[in-house]
Amino acid sequence: MTQQLKLRRVAVGGSFLRRLSADRPARAVYVALALLVVVGWLLFALDGGQFLSQENIVGIQQRSAALGIVAVGQTLVILAGSLDLSVAYLISLTSLVAAEIMAGADGGVPAAVAAVLAVSATAGLVNGLIVTRLRVHAFIATLGVALILRGLLDERYDGPAGSVPESFQHLGYDRIGPLPVSALLWAAVAASAWLMLSRTRLGYRIYAVGGDAEVARLSGIRTGRVVVAAHVLCSVCAGIAGLLLASRLGAGAPTVGTDGGYDLESIAAVVLGGTALAGGRGGVAGTVGGVLLLAVLDSIFNQLEVDSFAKDVVRGVVLVAALAIYARRRRTA
């Protein structure tokens, strides 16, 4: 019993120290974001434009909302030592599920939302069980589920389907003052995840499992359940993003998730925010900064009409540079 108590203190104390050490990368991404905003402002000023106009700021918020919601969920699974490559296809599927139910005679927004949450949670449960019960690496497990979802989408859909009522489209387009409703939804999801990670037992256990699964297991934590819970929450976030994109499109689309690259983009945002891919280190605050950095970068490229090849090259360089800086800091810490 004494040994178990010691291990428990090590697991909880270690996860607390990892959260504290994650503050530095989180601050770094916001410093980089501020510098990028200054660069964008200078470039636009030299070109006779205005980067910090209300229209551009609102556009950045709207474009980043869906990615931000997915990235929050991705943060949870990566902190637990896993990851999810199925989110892009799940977003497409949930957008179609929502639009088709809303278009039905017996459907409606509440029924569609409930169905999307159920489908998303089921997909996350399958991902989590494959990882924990079948001992398949998360990369392969979630890639396999992604391929299953892609096959389902290819078999059933040739293009957009269903329709979203005008009342639900307010979610994607309306604003409360200068703040889009979609950005407020993202803020609510991010705040909920932050509170869960910092104030609940599940949050502490996610850090402990991601930091050292064996120590967490010896300290009495049911590591499998924690990983499954993280996958379910990640998939639910993907479902929420699917609802948001359906509201913006006015229908469901079988390629809306893959066209947006929400699988790799969400992982990139998490990594830019300082969360370690090995798990146990990082947090939602850094992820929010990573998403905003990518969104501001895209806004600058779009306004300056930079071609897609150069855009991808710069984004890749930014990601690799961030990883190199974080790795160097951890070696010298």
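The lining of the largest pocket comprises 10 nonpolar, 4 polar and 7 charged residues (Ala, Val, Leu, Ile, Met, Phe, Trp, Tyr, Cys and Pro count as nonpolar, Asp, Glu, Lys and Arg as charged, the others, Gly among them, as polar). The model is predicted, with local features needing pLDDT of at least 70 and side-chain atom pairs pLDDT 80 or more, while totals for chains, interfaces and linings use all residues. Residues are numbered from 1 along each chain as its sequence is written, and side-chain values use heavy atoms, without hydrogens and water.

The volume of the largest pocket is about 450 Å³. A pocket is an open set of points on a 1 Å grid over the protein atoms alone, where a 1.4 Å probe fits, with protein on both sides within 12 Å along at least five of seven lines; lining residues have an atom within 4 Å of a point. R63, S64, L67, G260 and Y262 are the closest to the pocket centre among its 21 lining residues.

The second largest pocket holds about 390 Å³. Its 18 lining residues include T132, R135, A213, T223 and V227, which lie nearest the centre. This lining divides into 8 nonpolar, 6 polar and 4 charged residues.

Helices α3 (residues 54–79) and α8 (residues 181–199) pack at about 15 degrees, with axes 8 Å apart; axes are lines fitted to C-alpha atoms over the stretch in contact, and angles run from 0 to 180 degrees between N-to-C directions. The two helices, α3 and α8, are therefore roughly parallel (angles under 35 degrees). Helices are DSSP runs of H or I with at least four residues, numbered from the N terminus.

Terms used:
Angles under 35 degrees count as roughly parallel, over 145 as roughly antiparallel, 65 to 115 as roughly perpendicular and the rest as oblique. Grid points are joined across faces, edges and corners, and a volume is the space filled by probe spheres set on the points.
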